[in-house]
Every structure is written in structure tokens, then in C-alpha cells.
Amino acid sequence: MHTREPFSLRKPLIIWNLFLAAFSIIGTSRVLPELVHVLKKQGFLYSICRPDYVAKVRESGFWSVMFSYSKALELGDTIFIVLRKQPLLFLHWYHHITVLVYTWHNHKYHTGPGRWYIDMNFFVHSFMYSYYALKAMRFRLPRSLSICITFLQITQMFLGVYIGYLAYITKDKYSNCIYPDDTALMGLLMYISYFVLFIWYFYNSYISPPIKTKKVD
């Protein structure tokens, strides 16, 4: 695209974001009830140890598989950015690549923390892609809405670090905890990096003053 004019792609972008928003909303509605049920009946530690959401519950099991496939589909976000010649941030492509690799690596184990990672991602993406769809439709949205979504992403990454660390330090205390060392370490490092990068993005986007250019007479 270096020597080409950017494509508009506004209508395809609207359809794309509406599809991913609907997919995330439906996914949330199918996996979140299982998490709530487990927290009420079995407790928090059980929720980060046992992969019952795949083995015993057909709805959340199916949508966990769909979640894994969707990580490859979401690479389409990058295609739109490139074709429209928008700024391609390191946070964007790093996040998409590492999530795809980790999700597919983690999928064969169906670990307990995966229940939380899937639920949180579906939930946050429900808001994020809905916001992108409205932006593509040229709705005038308040800046505070963008701030809230970024803050929601930061909260997701913080919880990812906490859940990953807690699962790692408790897995050896409970024989029924399924969380291999390589998967645990990979997930913990990944979420720490996301947490740092999203805070840095928040600072640069909403706190740091814009760079003023010198006026030339």
C-alpha cells in the first residue's frame, strides 16, 4: 500500500464490526452464565482450576471452540488498517498475534484460567466492536466512551495477570488443577505485557499533552 491511495471500505468496515460485535455479544451470553454458576456453586479457586466449561457444558464448550477460531478471523482488523492506510500500532499487531498463538496453544489443554480469559475477552469485545461499528457509521461519540473502553481493556489485562498468577501458585496445591507450566508462564508473561502496553496507550492517548509543532514565519 506504500505507493497506493487508501481504500475507503466504509461499508465493509461497518458490516465487519457489526458482525464481530454480534458474535461477541452472543458469545458472552453463552459463556458468562456458566462462570457465574461455577462461582456460586464451586467457588473462585475451582473456576481457575477446572475446565468444566468445555468438558461438561455444551454451550460454553461450543463457544470456547468458536472463540479459538475467531482469533484467526480477527486478523481481518489488520487488513482493514493496512488497506485504509491507518496507523498500525505495535500494540495492535502484537496483541493479535500473541493472542492467536496462546489461544491455539492453550486450546488443547482447556485450562481453568481459559474460562476467565474467554469470558473477559468476549465481554470487552462486545463493547469494543460495537463502538467501532458506530464510529464507522460516523456517529459522533463522546471521547469519554473511548476512555471507558480502554479502561475496560486495562482492567481485563490486570485481571488476566491476577488470575494467571493465582492459578500458577495454587496448581501444585490441588491435584485437580490443570495448568501446565509452559502454558501458565506464557499466559502470565503475555498478560503482563498487555497490561503495560495498554497503560502506555492510555497515557499517550488521553493523558499526555499533544506535541506542539513550531510555527514557521
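**Rings, pockets and cavities: a short tour**

Let's start with a cluster: ring pairs link F90, W93, Y94, Y102, Y117, Y191 and Y194. Rings here are those of Phe, Tyr and Trp (its six-membered ring), and they pair if their centres lie within 6.5 Å. Planes under 30 degrees apart count as stacked, over 60 as edge-to-face, and the rest as tilted.

A word on the ground rules. This is a predicted model, where local features need pLDDT of at least 70 and side-chain atom pairs count only at pLDDT 80 or more, while totals for chains, interfaces and linings use all residues. Residues are numbered from 1 along each chain as its sequence is written, and side-chain values use heavy atoms, with hydrogens and water left out.

Back to the rings. How many aromatic pairs does the rule count? The count comes to 22 aromatic pairs. Take W16 and F80. Their ring centres are 5.9 Å apart and their planes are at 45 degrees, so the pair is tilted. W16 sits in helix α1 and F80 in helix α5, so this pair ties together parts that are 64 residues apart in sequence. Helices are DSSP runs (H or I, at least four residues), numbered from the N terminus. Are these two buried or exposed? W16 counts as buried, at 16% relative accessibility. F80 counts as buried too, at 13%. Buried means under 20% relative accessible area, exposed over 50%, and partly exposed in between (1.4 Å probe, protein chains only).

Now a second pair, F62 and W63. Their ring centres are 5.7 Å apart with planes at 90 degrees, so this pair is edge-to-face. F62 is partly exposed, at 45% relative accessible area. W63 is buried, at 13%.

We use a 1 Å grid over the protein atoms alone. A cavity is a set of points where a 1.4 Å probe fits but cannot get out. A pocket is an open set with protein on both sides within 12 Å along at least five of seven lines. Lining residues have an atom within 4 Å of a point. Grid points are joined across faces, edges and corners, and a volume is the space filled by probe spheres set on the points.

Pockets, then. The largest pocket has a volume of about 1200 Å³. Its lining has 38 residues, and I81, H92, M128, Y132 and Y201 lie nearest the centre. Which elements each supply at least two residues of that lining? They are α1 (10-41), α5 (76-83), α6 (90-107), α7 (112-136), α8 (143-170) and α9 (181-207). The largest share, nine residues, comes from α7. By class, the lining of the largest pocket has 19 nonpolar, 12 polar and seven charged residues. Nonpolar covers Ala, Val, Leu, Ile, Met, Phe, Trp, Tyr, Cys and Pro; charged covers Asp, Glu, Lys and Arg; the others, Gly among them, are polar.

The second largest pocket holds about 150 Å³ of space. Its lining residues include L32, W116, F123 and L159. α1, α7 and α8 give two or more residues to that lining. The classes here are eight nonpolar, two polar and one charged.

Next, the cavities. There are two of 30 Å³ or more. About 220 Å³ of space lies in the largest cavity. Of its 20 lining residues, F67, T103, N106, Y117 and I118 are the closest to the centre. Y117 also belongs to the ring cluster I opened with. Which element gives the most to the lining of the largest cavity? That is α6, with six residues. The lining has 10 nonpolar, 10 polar and no charged residues.

The second largest cavity has a volume of about 40 Å³. Residues lining it include L20, F67, K71, E74 and Y129. α1, α4 and α7 give two or more residues each to this lining. α7 has the largest share, four residues. The classes are five nonpolar, four polar and two charged.

Last, the record. An unreviewed UniProt entry lists residues 13-32, 116-134, 146-165 and 185-203 under "transmembrane region". UniProt positions are given in the numbering used here, feature names are shortened, and annotations may be inferred rather than shown by experiment. In the model, residues 13-32 are 100% helix and 0% strand, with end C-alpha atoms 28 Å apart. Residues 146-165 are likewise 100% helix and 0% strand, with end C-alpha atoms 29 Å apart. Strands, for the record, are DSSP runs of E, at least two residues.
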